[in-house]
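Colleague: Could you take me closely through one part of this model, the hairpin strands, and then show how they relate to the pocket?

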Amino acid sequence: GPRSRLARLSGSQTDAQSWWSSRRRDAGMSRFWPVLRVALALIIVTALLAPFARSEPVLSYRIDRVIDGDTVELGNGQRVRLVQIDTPEVYYSPECYGGQASAITKRLLPRGTVVRLYGEPKTDAVDAYGRLLRYVFRVRDGLDVNVQLVRVGAAAPYFYDYRRGRYAGLLVRLALRARARHLGLWGRCPGTPWDPNHGVSTGPP
């Protein structure tokens, strides 16, 4: 009868309104998703770059000379202390494996090698001797020289003032592996204590 037709018509109108509202929501979401994707991408990039936020602009430098296992001099005369690692002493109070560690650094960074320097936000930018505290990366192959010296047993992790930087976990793992395999100073200088918070002490040559 008329009432049933009216009910069907009313139901059809309700269905049409629901369909139209759904289409509008879908259209709104389709416009929203590209914006959301861009926002998420920016968040990810910001998170990846955050560790370098306090570092100086990334510039290239040339190595002039290696002073000892963990200190180099650039072509502009600035000295750089490789941060978060420590090698045995060569001068003043020579230590076991000091000369060998220096020789390894010289092989990794011969004169003229182009490098990039990166700061560590957890540490100071300059030490008490005016040396830059930096990670040193070789440009030609991206090698992190700080990490490589620990990997081969030429250096040990050194977290001055208990400040552990972005590579602290990696440095510890590599050092413990080198120690277990008796690589470098760990094999040549028996009894070297494991003390990454106070630097390496290998004893007399």
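Modeller: S1 and S2 pair in the antiparallel sense over four bridges; strands here are DSSP runs of E with at least two residues, numbered from the N terminus, and two strands pair if DSSP finds at least two bridges between them. The model is predicted, so local features need pLDDT of at least 70 and side-chain atom pairs count only at pLDDT 80 or more, whereas totals for chains, interfaces and linings use all residues. Residues are numbered from 1 along each chain as its sequence is written, and side-chain values use heavy atoms, with hydrogens and water left out.

A hairpin of two residues links S1 to S2, and Val 66 has Val 72 of S2 as its bridge partner. Val 72 is also bridged to Val 80 in S3. S2 and S3 run antiparallel, joined by three bridges, and their hairpin has four residues between the strands, with Gly 77 in the turn at a positive phi of about 90 degrees. Within S2 (residues 71-74), Thr 71 and Glu 73 point one way, Val 72 and Leu 74 the other, and all are buried (under 20% relative accessible area, 1.4 Å probe, protein chains only).

As for the pocket, S1 (60-68), S3 (79-82) and S4 (85-86) each supply at least two residues of the lining of the largest pocket, and S3 gives the largest share, three residues. That lining comprises 28 residues, with Arg 81, Asp 127, Tyr 129, Arg 131 and Tyr 158 nearest the centre. A pocket is an open set of points on a 1 Å grid over the protein atoms alone, where a 1.4 Å probe fits, with protein on both sides within 12 Å along at least five of seven lines; lining residues have an atom within 4 Å of a point.

Conventions: Buried means under 20% relative accessible area, exposed over 50%, partly exposed in between (1.4 Å probe, protein chains only).
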